[in-house]
Amino acid sequence: MIDELRITDLGVINEATLALDPGFTVVTGETGAGKTMIVTGIGLLLGERADPRSVRSGAERARVEGSFLVADEALAERVSEAGGAVEEGELLVARHLTAAGRSRAYLGGAQVPLAVCGELTSELITIHGQSEQVRLAGAERQREILDRSAGPELAETLERYRSRYAERRTTAGELARLRAEGLARAREINLLTFGLTEIERVAPEPGEDLALAAEADRLRSADDLRLAASTAIAAIAGAEDEAGGALTGVVLARKALETESDPEAADLGRRLAEVSYTLGDVAADLARYLDRLDAEPGRLEWIAGRRSALAGLTRTYGASVDEVLAWSAEAVTRLLTLESSDDRIVELEARVGALDAELAELAGRLSTARAAAAERLSADVLAELAALAMPHARLIFQLTSTDLGPYGADRVDLLFSANPGSEPRSLAKIASGGELSRVRLALEVVLAADAGQHTLVFDEVDAGVGGRVAVEIGRRLAALARHSQVVVVTHLAQVAAFADRHYVVVKSDDGQVTTSGVVRVAEEQRAAELARMMAGLETTDSALAHAGELVELAVSSRSRPVSPS
């Protein structure tokens, strides 16, 4: 419920404060005074789009602030998650709009995105204006109204249905994608399989290309290597069939130092012995190295063929053998994923089938609940319409079976006829503006019992009506205010008479700028204000008398239950 509304520099309103207690509040004023700005201000708190032209002429910015009484702990927690706070059950909401077009929203003291502000405040207030009448003519809005009347059981079923429907849409989307990708997937499987087979046939080893390149370089210089090895052997062991060489010299030197008379000489001899042993080992290794060079005459040719096979892989799968092996590992993983897609398709097909069966069952339950609710709601609304001077009206919520959709398998059409003998037809095609207003009000009165402390704002609810019908609209709005907070902008005294409190938007003009303010009408001035509304600028005695009768009628209506007939 909204406790207080403050508006500054919006439209022609300079500054206005409305204390909106529980019950029925009415706002009136002459044409052009700025009554609509009250609804516009509340709409800004609901996150509606701001028009910079609505900033009052000469002002830099417009401000709208609302104080809401919040008893819902879940809503208070969501406000906290958005960064704001509900303090002692009060939520402050503000909207600032500059003439340059910048707009900011504040929720519980924190600046929040406009969408967040609107999402939360829309749970506290609903505005019914001309746009709502347009929505009422749509099948989707008619379904929402019917579902709202059906109670919590349908709401729970619908929530479960929508959850399964969303899962079915996601699952079917993945299934369609996998099926559509079937040809591309098969083509990729063939390419990966071919590549892996080719790599397996060559069977490269890590780093093999680099090792073979180094060995080929060595073998290509084999003559130089043989000469170098032979020269080294001759230098160490001497030329073949000839004595000499470093080893012979070292042996002779060692023998020359073999003596027991001088320990130092003996130590040097032992060191020479170690040198001779090392030289002997090196000479043997050189001989074996020389033998290998002579024993591999076809090795270089084999290496060339192997490198050619490896090059075939590196041209396609990587710049080196190591990259080829890395591609191979990734290809194995990818191949397993692709080949498992067929299993995934089977799994998804089974899940879609199960979801279709569950959705069909839930849709059947929704249809049954809607059919029962349609009968009850139609009867209750017709009773209200009879009280609104439409005793012969017929109202039917027609259910037509459709394919499964986001809200079940029903299309809801609200059929209406105002006169006897007329066949009910689509409400959008047959109802006048006044009839739409009364249908909308009748629906709200019937549904209000379960609305809790919600605030309903009506703009032009009395469009196209007057006289006795206007009196009944006032009576019904008063009945609606027993369950919900009701704020009505009206130009009809018959409606205003039933309000618990009455505000007037007063216009003043200094010859250059028109400004407006909001004044609360004292109880003893109610009759005079109602008379002014009926008579215009001059209040006549007959208008005062009629206004007094309206006040008395409204007071007596509040003291007794409102009958729908």
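Two strands are said to pair if DSSP finds at least two bridges between them. Helices (H or I, at least four residues) and strands (E, at least two) are DSSP runs, numbered from the N terminus. The legends below describe a predicted model, in which local features need pLDDT of at least 70 and side-chain atom pairs count only at pLDDT 80 or more, while totals for chains, interfaces and linings use all residues. Residues are numbered from 1 along each chain as its sequence is written, and side-chain values use heavy atoms, with hydrogens and water left out.

**View 1. The protein chain as a whole.** The protein chain contains 19 helices and 15 strands. Its radius of gyration, taken over C-alpha atoms, is 47 Å, well over the 24 Å that the globule rule (2.2 Å times the number of residues to the power 0.38) gives for 565 residues, so the chain is more spread out than a compact globule. Along the principal axes, the C-alpha atoms fill a box of roughly 155 × 55 × 45 Å. Of the 565 residues, 42% count as buried; buried means under 20% relative accessible area, exposed means over 50%, and partly exposed lies in between (1.4 Å probe, protein chains only). Among contacts (heavy atoms within 4.5 Å) between residues at least 6 apart in sequence, 70% join residues at least 24 apart.

**View 2. Strand β3 and its partner β13.** Strand β3 covers residues 24–28, and strand β13 covers residues 485–489. The two strands pair in the parallel sense over four bridges. Five of the five residues of β3 are buried, and the strand is described as mostly covered.

**View 3. The open sheet β9-β10-β11.** Three strands form this open sheet in the order given, with antiparallel pairing. The edge strands are β9 (394–405) and β11 (425–426), each of which pairs on one side only. Strands of a sheet pair through backbone hydrogen bonds, either parallel or antiparallel. Strand β10 (residues 408–417) and β11 pair in the antiparallel sense over two bridges. The bridge partner of Phe-416 in β11 is Arg-425.

**View 4. Tyr-277 in helix α11.** Helix α11 spans residues 263–295 and contains Tyr-277. With a relative accessibility of 56%, Tyr-277 counts as exposed. Tyr-277 and Val-251 are 26 residues apart in sequence, and their C-alpha atoms are 9.6 Å apart in space.

**View 5. Two loop residues with positive phi.** Glu-88 is found in the loop between α2 (73–81) and β5 (90–98). Phi of Glu-88 is near 50 degrees, a positive value in a residue other than glycine. Glu-88 counts as exposed, at 85% relative accessibility. Ala-203 is placed in the loop between α7 (182–202) and α8 (208–220). Ala-203, although not a glycine, has a positive phi of about 55 degrees. The relative accessible area of Ala-203 is 39%, and this residue is partly exposed.
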